[in-house]
Amino acid sequence: MTKQDLFKQKAARAALDYIKDGMIVGLGTGSTVSFLLDYISEKELDITGVTTSKDTSRKCRALGIRVVDIDMVDHIDVTIDGADEVDAYMNGIKGGGAALLMEKIVANNSKTNIWIVDETKVHSVLGSFPLPIEIISYGSGKLIQNFEEKGYHPVLRLDNAGNPVVTDTGHNIIDLNLHYIDNPQELAEYLESQVGVVEHGLFINIADVVIIGGEQIVTHNRKQ
Ligand SMILES: O=C(CO)[C@H](O)[C@H](O)COP(=O)(O)O
C-alpha cells in the first residue's frame, strides 16, 4: 500500500467519529470512501446509506450496508465524501471519479458534509487538478470550442476503449486544465450560465469539516 493510501485510510477511519447507529449517511465515491465503507462494515454500524454512484452502491451491497434511494429519505444526517483538491477556504474540486452530479445533489441535501482527503490534495489555490464539467453530449464540440476560446484547455474525458466517459446519469465529462483558479465563485457562475453544462466540479461553501490524513490527522471545521 502506498503512503498516500495509508493517509487516505487514516482520514477515513477518523470520519467514523461522525457516524452513529441509526443515522442516514450520504456515502461519496472513490478510493478514500471505499476505505470508509470497509470500516463501517467492520464496525457493523447500523446506518442507512444514500450513495452517490453505482460503484458505491455495488460496494455497499457487497459489504451488507443498507442503501436507499435519495428520494426515500426526508433528510441526510451527514455525508462523507472524498475530494480531488481542497483549498485554504475549504472549497474543493470534485469529479475525478465522474460522480460529481450525484455527489453535489447528495451534499446539498445533507445537514453536514465531511470530506476525507490525504494531505497531497490540499493546495492554497484550486486548479492543479483538472476541473471536471458534466455535460450533455449534444453540442459538446461547441462547448469545447467555447472553453478553448476562453483558454481553459478542455479535454473530453475518454474511457480505456477511447470512448467518451458516460456518467451514472448518462452524461459526458470535459476536464478543464486551468492550473490556477483565482476566483472560483466567478468561474462557477460562468459555468452555470453555459447551456449544455449539467454541473461543474467546483464545490464552494459545501464542506463543513475537512479531515486531512497525513503523518498526523488534521481537521478543519468551517464554524471554527
Ligand atoms: O469526486 C470524486 C468522485 O467523483 C472523489 O471524491 C474524488 O475523485 C476523490 O477520489 P479518491 O478518494 O479516489 O482520491
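Guide: Let us begin with L100, which touches K94, G95, P132, E134, E199 and G201, not counting residues up to four places away in sequence. This is a predicted model, in which local features need a pLDDT of at least 70 and side-chain atom pairs count only at pLDDT 80 or more, while totals for chains, interfaces and linings use all residues. Residues are numbered from 1 along each chain as its sequence is written.

Visitor: What makes two residues count as touching?

Guide: Two residues are in contact if their C-beta atoms, placed from the backbone, lie within 7 Å. By contrast, L100 and A62 are 38 residues apart in sequence and 23 Å apart in space, a distance taken from C-alpha to C-alpha.

Visitor: Why is L100 called buried?

Guide: A residue is buried if 20 or more other C-beta atoms lie within 10 Å of its own, exposed if 12 or fewer, and partly exposed in between, with the C-beta atoms placed from the backbone. L100 has 29 C-beta neighbours inside 10 Å, and therefore it counts as buried. L100 lies in helix α4, a name that comes from DSSP runs, where helices (H or I) have at least four residues, strands (E) have at least two, and both are numbered from the N terminus.

Visitor: What makes α4 mostly covered?

Guide: Seven of the nine residues of α4 are buried, namely L100, L101, M102, E103, K104, V106 and A107.

Visitor: How do you know that E103 is buried, and what does UniProt list it for?

Guide: E103 has 32 C-beta neighbours inside 10 Å, so it counts as buried. Its place is in helix α4, and it touches G28, T29, T52, D81 and K94, again leaving out residues up to four places away in sequence. An unreviewed UniProt entry lists E103 for "active site"; UniProt positions are given in the numbering used here, feature names are shortened, and annotations may be inferred rather than shown by experiment.

Visitor: Which residues are closest to the ligand, and how is the shell around it made up?

Guide: The ligand is surrounded by 17 residues, and the closest are G30, T32, G82, G96 and G97; a residue is near a molecule or strand if its C-beta atom, placed from the backbone, lies within 6 Å of it. The shell divides into four nonpolar, nine polar and four charged residues, where Ala, Val, Leu, Ile, Met, Phe, Trp, Tyr, Cys and Pro count as nonpolar, Asp, Glu, Lys and Arg as charged, and the others, Gly among them, as polar. Helices α2 (31-42) and α4 (100-108) each supply at least two residues of this shell.

Visitor: Is E44 buried or exposed, and why?

Guide: E44 has 9 other C-beta atoms within 10 Å, and therefore it is exposed. It sits in the loop between α2 and β2 (48-51), and its phi is near 55°, a positive value in a residue other than glycine. Most residues other than glycine have a negative phi.

Visitor: Why does A98 count as buried?

Guide: A98 counts as buried because 24 C-beta neighbours are found inside 10 Å. A98 lies in the loop between β6 and α4, and it has a positive phi of about 65° although it is not a glycine.

Visitor: What makes β8 largely enclosed?

Guide: Five of the five residues of strand β8 (residues 131-135) are buried, so the strand is largely enclosed by the rest of the structure. Both of its faces are covered, with L131, I133 and I135 buried on one side and P132 and E134 buried on the other.

Visitor: How do you know which strands pair with β8?

Guide: Two strands pair if DSSP finds at least two bridges between them. Five bridges join β8 to strand β10 (residues 172-176), and these two run antiparallel. With strand β11 (residues 197-200), β8 pairs in the antiparallel sense over three bridges, and E134 stands opposite E199 there.

Visitor: Which confidence values does the predictor give?

Guide: The protein averages a pLDDT of 98, and 100% of the residues score at least 70, on a scale of the predictor's confidence in each residue from 0 to 100. For the complex, the predictor gives an ipTM of 0.98 and a pTM of 0.97.
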